[in-house]
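Here is a short briefing for a first look at this structure. Keep the sequence and the 3D view side by side while reading.

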Amino acid sequence: MQDKRKPLQVMLDSTQKSLIDFLTKNGFQLKRQCFSLTVKKDNMKLLPEEKITIQKFDMHNNKFLDCCDFLYQYYKNSHKVVSPLTISKDQFIKEVPTKTGYYHLNKNFQIENIIFTENNEIAYICSTNPKTCPKFTQSVLLDMFSSFESIFFEADDTDWAAMDLLNQFDVDVTQSFNTYILDTSVTKNKLDNDL
């Protein structure tokens with residue numbers, strides 16, 4: 001019989017200092033910080049000197065499934081440390097909550113950067129190129145700010161492209177929603193004794 005136990009996870013706001021202290025003293029380790037932000041164009045650190053060519057897509061565009069496949073692979077890799085993806089690619093694509101966004105092709109006409117959007121929300125960002133991702137992100141932001149006064153997004157510190165998006169702005173990021181995972185080397189008795 002296969003062992004189906006999974007590590008114990010706790011998710012909580014970073015302001016809950018006493019609970020965080022209790023968890024870390026009892027073997028839980030911080031594995032992910034998630035920052036939720038609403039930003040305005042004035043919050044951008046700097047406007048891009050050069051724009052990168054971006055394309056828009058929606059669910060009727062012939063690139064939509066390619067973008068979903070790209071997102072699936074990126075999401076699977078960037079989240080495996082904290083919360084491994086357990087659904088099939090087909091199911092994942094069916095459950096992608098947004099059906100619009102932007103993409104950028106490299107010189108070989110392959111997708112290199114994607115942002116999925118829904119109105120003024122950036123739902124997902126993914127990339128294979130840390131050099132072009134910032135310019136792509138800035139170009140998308142400028143296009144979105146031409147239609148919306150503010151933009152909302154979340155950025156996990158386990159996701160380099162999402163952190164690149166966050167770093168486009170000069171904003172306070174001291175508060176986060178954190179994921180702690182129990183270090184399996186800590187025995188059950190230690191936890192029981194502290195409770």
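**A core residue and its surroundings**

Leu-141 touches Met-44, Ile-122, Ile-151, Leu-165, Gln-168 and Phe-169, leaving aside residues up to four places away in sequence; contact means heavy atoms within 4.5 Å. This is a predicted model: local features need pLDDT of at least 70, side-chain atom pairs count only at pLDDT 80 or more, and totals for chains, interfaces and linings use all residues. Residues are numbered from 1 along each chain as its sequence is written, and side-chain values use heavy atoms, with hydrogens and water left out.

**Nonpolar cores**

- A nonpolar core is a set of buried Ala, Val, Leu, Ile, Met, Phe, Trp, Tyr and Cys residues joined through side-chain atoms within 4.5 Å.
- Buried means under 20% relative accessible area, exposed over 50%, and partly exposed in between (1.4 Å probe, protein chains only).
- The largest core has 41 residues; Ile-114, Phe-116, Ile-122, Leu-141, Phe-153 and Phe-169 touch the most other members.
- Another core, of 6 residues, lies apart from it, with Leu-12, Leu-23, Phe-28 and Leu-182 among them.
- In soluble globular proteins, nonpolar side chains tend to be buried together.

**Helix H4**

- Helices (H or I, at least four residues) and strands (E, at least two) are DSSP runs, numbered from the N terminus.
- H4 covers residues 133-145, and its 13 residues should span 18 Å at 1.5 Å a residue. The expected span is 1.5 Å times one less than the number of residues. The end C-alpha atoms are 18 Å apart, which agrees.
- Of the 13 residues of H4, 10 are buried, so the helix is largely enclosed by the rest of the structure.
- The buried residues of H4 include Cys-133, Phe-136, Leu-141 and Phe-145.
- Their cover includes strands S2 (28-40), S4 (100-105), S5 (111-118), S6 (121-127) and S7 (150-156), together with helix H5 (160-166).

**Asp-156**

- Asp-156 sits in strand S7.
- Asp-156 counts as buried, at 13% relative accessibility.
- Its contacts include Arg-32, His-79 and Met-163, not counting residues up to four places away in sequence.

**Salt bridges**

- The whole structure has 5 salt bridges; each is a side-chain nitrogen of Lys or Arg within 4 Å of a carboxyl oxygen of Asp or Glu.
- Glu-149 pairs with Lys-40, with the closest N and O atoms 3.2 Å apart. Glu-149 lies in the loop between H4 and S7 and Lys-40 in strand S2, so the pair ties together parts 109 residues apart in sequence.
- Glu-149 is exposed at 63%, and Lys-40 is partly exposed at 40%.
- Lys-56 pairs with Asp-143, the closest N and O atoms being 3.4 Å apart. Lys-56 is in strand S3 (residues 55-58) and Asp-143 in helix H4, 87 residues apart.
- Lys-89 and Asp-69 meet at 2.8 Å, N to O. The pair joins helix H3 (residues 89-95) to helix H2 (residues 64-79).

**Aromatic pairs**

- There are 8 aromatic pairs. Rings of Phe, Tyr and Trp (its six-membered ring) pair if their centres lie within 6.5 Å; planes under 30 degrees apart count as stacked, over 60 as edge-to-face and the rest as tilted.
- Tyr-75 and Tyr-124 are edge-to-face, 6.1 Å centre to centre with 85° between the planes. Tyr-75 is in helix H2 and Tyr-124 in strand S6, 49 residues apart.
- Phe-116 and Tyr-124 are edge-to-face too, at 6.2 Å and 90°.
- Phe-116 is buried, with a relative accessible area of 0%.
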